[in-house]
Every structure is written in structure tokens, then in C-alpha cells.
Amino acid sequence: MSPPDWTFLLCCMKKARFILLTLLVLLIQLPVLNAQGLKQTVRGVVKDAVSKQALSGATILVKNDAHQYGSITDENGAYSIPDVEIGRYDIVCQYVGYEERALFQVEVTATKEVVLNFDMTEDLATLGVAEIKLRKDKSKTINSDIRVSGRTFSIEESQRYAGSRGDVARMAQNFAGVQGANDSRNDIIVRGNSPMGVLYRLEGIDIPNPNHFSSSGTTGGPVSMLNNNVLLNSDFISGAFPAEYGNANAAVFDLGVREGNNEKYEFLGQIGFAGFEGMAEGPFKKGKQASFLIDYRYSFLGLLATMGVNFGTGAAIPKYQDLTVKLNFPDKHGYTSLFALGGMSRIKIFQSEQTGDNLYRDGQEDLTYRTKTGVVGLTRYQQIGTKSNIKFILAVDGSYTRTQLDTFAWSTNNEIINYSGRYRDGSSQGKYSLNVIYTHKFNAKASMSAGTRLYEYFFNLEDSFFRSDLNRWVQPTNFNGNTTLSQTFTSLSYRFGPRLKMNTGINYAYFFYNNSQSLEPRIGLSYKVNGRYQISAGSGLHSQVVPFRVYYEKFTDDYGHQYTANQDVTLMRSLHFVLSHDVSINRNSRLKIETYYQHLFNIPVDRGDWPSYSMLNQGTDFGVQFTDSLVNKGTGRNYGIEFTLERFLSKGFYFLNTISLYRSLYTDYTGAEHSTAFDGKYAMNLLGGKEFYFKQRETKSGFKKPSLTVDIKAMINGGKRYTPIDVSKSVEQVKTVYTDDIYGAKYKDYTRLDIRIAYKVQTKKITQEWGIDIQNVTNHQNIFTQRFDPATGKTYYSYQTGILPIGIYRATF
């Protein structure tokens with residue numbers, strides 16, 4: 001099968017770049033018009049959480065200390081509350097016979113409508129008229145089947161948390177059990193697992209690595225393509241996933257792209273870390289329900305470089321752009337939607353253009369790296385009667401990389417190409433996806449869902465490098481083909497009463513390439529002891545396919561003959577156990593304690609010349625290392641305890657404090673047990689912030705409402721693991737020789753302090769925000785890697801990012 005044609009995506013991005021520049025010019029010239037007070041509309045739809053039937057007659061309450069507004073849903077479950085004074089509100093939805101649902105401290109701004117939809121669950125405790133009770137139950141996830149290790153995060157949090165850079169992966173590093181791998185990338189280590197085990201699901205589709213400058217087999221990168229301005233509030237799960245999630249052993253991001261406003265046109269312009277950005281949304285035709293949302297970004301340094309601005313970095317300027325589109329067409333019996341996400345990136349790091357001492361001089365290399373990633377999905381959601389629905393999702397995604405590495409003689413600058421990706425412009429891979437999910441509600445206590453996910457993967461992999469010892473070119477990879485992975489699941493949710501809930505199910509995975517399979521039972525239970533204390537438990541078997549290059553890479557023996565290996569490597573598997581305690585301290589605070597144990601097995605290890613190798617240690621760099629002698633004989637175990645003390649945003653103040661104590665161990669082919677590369681042992685995050693709202697005032701240009709936010713974050717993580725160097729043998733043999741104490745040493749603890757300050761001014765026609773996010777305020781030197789020079793006997797260190805101020809300007813209108 002052929003990979004997707006990138007011509008259309010490139011054309012769209014060129015047009016979007018022109019529109020972005022035009023939008024920025026208009027934004028600068030936009031006048032601030034007079035206003036009679038700053039107000040906004042709050043609206044949305046109320047439905048049954050399982051059947052998705054509209055609920056007519058539900059009560060909506062919008063309330064804070066100064067104001068209270070109300071509305072009742074119509075026959076379509078819709079509500080609309082106009083003329084709400086700007087500020088933060090608790091928004092509560094109530095319906096007779098259903099549990100109360102609430103969203104807290106929702107910000108109502110002057111220039112963007114607030115669209116909030118409620119999914120309601122039938123109440124088993126009462127059938128009478130509901131009373132207004134502002135229960136601050138913020139521990140609930142969007143996916144009601146999640147019983148343990150789940151957390152819902154708002155997009156506002158990814159914008160607000162210091163050091164997050166508007167990136168959901170970096171934001172998740174504030175959660176218990178989650179650490180970053182290094183400052184330059186957003187890979188996350190969850191409960192000691194490799195970042196390879198993280199699944200990104202967007203709009204119900206499992207997507208490839210959603211980062212610029214990504215590489216096959218990894219899940220992170222320097223800059224995310226997931227734009228928080230277009231995402232919905234979403235779930236993050238760190239263990240014991242429900243049955244609908246497969247092909248992941250570490251964690252799951254379950255994300256959604258929001259629909260565009262279907263009643264009015266709204267726009268956004270932004271300049272920040274991710275680049276120049278422009279967004280437009282609105283109805284296709286006023287008075288109709290169909291809507292669009294389009295967002296485009298271009299790298300800040302890249303755009304200025306095209307305008308002739310020189311930063312003194314030579315050709316080493318990261319250039320990237322991405323596009324997000326969501327089209328939604330609702331009808332009487334459901335909806336049809338189309339979404340697309342695409343990004344392109346490139347960078348040149350040419351040592352030949354450098355003078356004097358520089359980072360790349362020792363390697364004497366010129367590097368060119370290019371990537372393209374895209375996904376397009378079409379969804380049809382259909383109601384079947386009043387208790388059932390079915391969803392069909394068709395999608396195609398693809399990723400492309402080109403790496404060219406040139407060596408040269410420094411004195412003559414004569415180039416010798418020793419590595420080059422050569423499939424058209426490089427290697428590509430992707431998949432066609434078909435997802436079918438059926439949901440049925442039996443009654444107020446029981447519901448079920450079942451579905452299948454079929455993935456047809458295609459590959460066009462080819463690269464080559466020059467072997468100076470053989471004086472010829474060698475192709476380690478030259479493959480054009482396809483294979484299939486199927487996942488089938490069924491899940492049952494049952495509520496024994498208002499206190500005890502259960503979710504159980506089975507996921508079955510089958511990998512057609514070598515007929516490996518995995519039958520995976522899952523179960524989760526939660527019991528509400530009283531109004532303040534809930535205990536939950538979960539367990540499940542999970543599996544994951546290894547990176548596909550493991551199967552298709554060719555190796556060359558000492559005689560120059562090529563061969564394939566690792567054809568029999570099967571699915572990596574893990575068994576999770578989680579016990580959770582959730583205590584509500586007061587209306588705005590809670591304490592959560594989770595303990596867990598994970599047993600990993602069928603892990604690829606090396607039976608040849610690298611017996612200490614394990615796939616569990618891969619996934620935090622630009623590629624995955626492996627050998628020609630992998631067998632599923634390795635194991636691993638992760639265990640730990642996590643503490644979360646949290647105050648939800650109330651009266652302008654919040655904090656999120658977490659402590660994680662854990663171990664991450666693996667056994668190699670010989671049966672010896674070692675720390676994994678991610679066994680930091682402990683991590684602590686202290687995060688908090690305060691909002692200061694100033695009085696609305698009337699000026700000559702109209703009403704203005706200013707506010708100031710200050711956020712601070714401090715973290716301490718156990719130092720990065722490394723294998724010690726045998727200094728005496730290294731000096732004697734004039735090469736680096738390591739000891740047998742695999743990952744037996746740690747660098748000093750990783751510590752960092754981040755501060756974010758933002759100032760916002762709201763008027764009737766435009767809301768503007770200026771902010772600065774200063775990462776590593778103290779400029780602390782955290783060790784990243786070390787290099788030993790056998791000739792001198794000295795060790796040299798490279799360090800993580802020092803103090804890094806990042807400015808941002810955002811305007812909505």
C-alpha cells in the first residue's frame with residue numbers, strides 16, 4: 001500500500017501561513033470599541049451519559065459569591081444563559097432521578113462563549129426532586145469506566161501550570177508517578193515505565209507520535225503538535241486501564257478536539273514557545289448546527305528567519321508548522337465529524353558552518369533532520385433507539401523521517417556521506433484504522449460497550465550508510481510491505497448501589513505478523529465509604545507491540561551478507577494491580593494515596609553479545625536501539641506509593657503537591673536483576689498559583705477588566721541512572737570501558753524551580769494576555785550525560801536546560 005500524499009497538506013499549510021500573517025496584522029490594528037459592561041453567554045447540551053439521549057427539563061445553575069443565573073434545558077437538551085457577568089463560576093446541572101454534575105471555577109471571559117455539555121448518570125439513591133448541593137467531586141474522570149489511576153485535566157491547566165509550555169505531556173509531569181525524561185523533549189516516564197509504553201488516543205483513534213522532530217518507536221519530542229487551544233478537557237490514566245484501551249503498558253492520554261462554535265465566529269492569535277498561531281471557528285451558516293474549527297501554527301524562530309532576522313545560530317534553526325481541523329455536522333439521529341492533524345519539521349545542524357569551539361566539533365558532522373506526521377479521521381455517531389448507539393471511525397495516519405548525516409575532514413571540508421535515508425525523501429510508515437464501538441444501556445444499574453479496532457500498518461523503510469572498512473554502501477533496512485493488528489473488547493459497567501460500582505471487561509489483541517496474541521481481562525471497583533472517603537481497586541493484563549523496525553531491520557555479518565532477525569519477537573505484556581484511597585478534606589481539597597505493583601513479562605532481551613540489554617530501557621531519545629538476537633525472556637517489576645495533596649482552584653488560589661516513592665527493576669537474559677534506566681526512586685512536585693482580579697473600570701475606550709496570575713513550581717526527582725565507567729581499564733585500553741554494575745549509579749538529584757506570571761485585560765471586543773514562563777529560575781545545572789576521555793582520564797558533563805524565559809502573547813476576539 002502507498003503512503004498518504006503530503007502535497008495537499010503542504011498546500012494547506014502554505015495558505016494557512018499567509019492567513020496567519022494577515023491575521024496578525026489585523027490583530028495589531030484591531031480597535032477596542034465601547035461597551036456597556038462585560039458579559040458573556042453560557043450554553044450547552046445535557047444528555048444521558050450512556051445512551052446519549054437528550055434530557056429535557058434539566059436545571060442549570062451558574063453561581064459565584066456575587067451572582068447567580070439559571071436556565072432549563074429545552075426538548076433537545078439545550079440551554080442558553082445570556083448576559084453572564086465575566087468572572088469565575090461554579091456551574092451545576094441537575095435533573096430529577098440523576099446524579100448532580102458540576103464544573104467548578106469555570107472562567108467566563110468577555111470575548112469567547114462558554115460551551116459546556118453535561119453527561120448525566122442516573123441516581124440510584126433517590127427518585128425525588130434533586131436539591132442543589134455543590135459537591136466538589138473533581139476526582140471523577142470523563143470516562144466513567146475508569147476506577148483507579150485516572151485524572152481529568154482541563155486545557156486551562158496546561159496553559160496555567162508553570163513550566164508546562166502549553167504542552168499536555170509536560171503538564172502531566174505535575175501528576176503523581178510522572179516524571180520527564182529530559183528538558184529538551186516531552187517524553188514522560190510513568191511509574192518507572194519506558195515512554196514507549198504511552199498511548200496517545202485522539203478523537204477515539206490511536207495516533208502516532210504527535211510531536212515535531214519525532215522518530216519511530218518513541219512517543220516524545222521537543223515540541224508537541226497537540227495544540228491546547230483546540231483540545232477538550234481530557235483524561236490521563238497511569239495504570240490498570242479499562243478494556244477499551246490496548247497496545248499500551250505505561251499510560252494513556254485520551255484526548256478530544258473540541259467543536260467549533262456553531263452560533264458565532266470567534267478568533268484567536270497567539271505568539272509564544274510553540275510559534276505564531278492563528279485560529280478561526282464558527283458556523284458554516286448562521287442558524288445551522290454545522291461548525292468548523294481551524295488552527296495553524298508556524299515556529300517562532302523559523303518565521304522570523306524567513307523574514308531575514310538572524311539569531312546567530314547559523315542554519316541550526318528549528319522550523320516547524322502544524323495544522324488542526326475539526327468539522328462537525330450534527331443531525332437528528334447523531335452527527336458526522338471530520339478531524340485532521342498534521343505537522344512538518346526540519347532542522348540543519350552544520351558543524352562545517354561553525355567556527356571555534358562548539359557542541360558538534362568532536363563529531364565533525366553535518367546533520368539534516370526532517371519529519372512529517374499526519375492523521376485524518378471521519379466519525380459517524382448514530383443513535384439506535386433510546387438506549388443504544390454505535391460509532392464508526394475511519395482514519396489514516398502516516399509519519400515520515402529523513403536523516404542525512406555527513407562526515408568531513410575539518411581541514412579541507414570535503415564531505416563523505418556516511419548515512420542517508422532514501423525512500424523518496426526518507427522512510428515512512430502509517431496505518432489505516434477502522435473502529436466500531438457499540439454501547440447499550442440496560443437500565444439505571446447496568447450498561448455495556450463492545451467494539452473492535454482494526455489497524456492495517458504499511459511501511460516503506462529504507463536507509464543506507466557507508467562502511468569504510470568494506471569500502472561500500474550498506475542498506476540495513478529495505479522493506480516495503482504491511483501487517484495487521486486487531487483489538488476486540490467488551491466491557492460491562494454495573495452499579496450495585498449508590499456506593500459500590502464495578503467495571504469489568506476483556507481486551508483481545510492479535511498481531512498478524514507472527515500470530516502473537518494476548519487475552520487481557522480487566523476489572524475495576526470503587527466503594528464510597530461515606531461522603532468524604534472512597535476506596536478503589538483495579539487490575540488488568542495489558543500488552544504492546546514492539547517498535548516495527550525490530551522486525552524489519554536488516555543486519556550485516558562479517559562477510560558482508562545481510563539477514564533479518566527478531567521475526568519471532570511477540571507482544572510485551574504487563575499485569576497491573578492498583579489500590580487507591582481518596583479522602584475529601586473539605587469542599588475544595590483532597591488527599592489521594594495510591595499503591596501499585598506491575599509485573600512485566602515477555603520483554604525482549606538480548607541472548608547474544610549484549611546480555612544486559614532490555615527493551616524496557618529504550619524510548620527516551622531520537623530512536624530505539626536493539627540487536628539481532630532478541631528473545632522474549634526478560635521480565636520487570638515496578639512498584640510504589642504515590643501521595644497527592646490538592647486544593648482545587650477556589651477564590652483564586654490552588655495547589656497540587658505530589659510525592660512518589662517507587663522502584664523500577666528488570667531482569668536480563670542471564671536472570672540478573674538491575675535497576676532500569678528510569679529507576680529514580682523518588683519524585684516530588686510542589687505547584688501552586690494565585691489569581692488577582694481587579695475591579696472592572698470604564699475608560700474612554702470602554703469597559704476593561706484586568707487580572708494577574710502568578711504560578712510557581714518546584715520539583716525534585718531522583719537523578720538519572722547510568723552505568724559507571726571503569727576508569728583504570730579505560731585509561732589502560734584507551735577506550736571507554738564500563739563496569740558490570742548496569743545502571744548502578746545515579747547523577748545528582750534533578751531540581752528545578754519554575755515561575756509563570758501573566759497579565760490579562762478583557763474588553764468587549766478583545767481579550768489580551770501577556771505572560772512570561774521562566775523555567776529553571778535558579779539556573780541550576782542538572783547533569784544530562786557524561787563523557788569520559790581515556791586519553792586524559794577526565795570526565796566531561798553536559799547539562800540540561802539552564803534558565804529559560806519564554807514569553808507569550810494571546811488574543812481572542
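**R147**

I started with the R147 side chain, which reaches the backbone oxygen of S144 at 2.8 Å. This is a predicted model, so I keep that in mind for every distance here. I placed R147 in the loop between β8 (118-120) and β9 (150-153).

Next I looked for a charge partner. R147 is buried but has no salt bridge. The nearest side chain of opposite charge is D145, at 5.2 Å, and a salt bridge would need the nitrogen and carboxyl oxygen within 4 Å.

Then I listed what R147 touches, skipping neighbours within four places in sequence: K501, M502, N503, G524, L525, S526 and S536.

**Aromatic pairs**

I counted 32 aromatic pairs. I picked Y265 and F292: their ring centres are 6.4 Å apart and their planes sit at 40 degrees, so I noted the pair as tilted. Y265 is in the loop between β17 (251-255) and β18 (266-272), while F292 belongs to strand β20 (residues 291-298), so this pair ties together parts 27 residues apart in sequence.

I also checked cover for both rings' residues. Y265 comes out partly exposed, at 37% relative accessibility, whereas F292 is buried at 17%.

Elsewhere I found a cluster linked by ring pairs: Y455, Y457, F459, F511, Y513, F548, Y551 and Y552.

**Whole chain**

The protein chain has six helices and 48 strands, and 54% of its 813 residues count as buried. Of the contacts between residues at least 6 apart in sequence, 65% join residues at least 24 apart.

Key
Residues numbered from 1 in each chain as written. Predicted model: local features only at pLDDT ≥ 70, side-chain atom pairs only at ≥ 80, totals over all residues. Heavy atoms only, no water. Helix = DSSP H or I, 4+ residues; strand = E, 2+ residues; numbered from the N terminus. Buried < 20%, exposed > 50% of the residue type's maximum accessible area, 1.4 Å probe, protein only. Lys, Arg positive; Asp, Glu negative; His and termini not counted. Polar contact = N/O pair within 3.5 Å; in protein donor to acceptor, adjacent residues only side chain to side chain. Contact = heavy atoms within 4.5 Å. Phe/Tyr/Trp six-rings, centres within 6.5 Å; stacked < 30°, edge-to-face > 60°.
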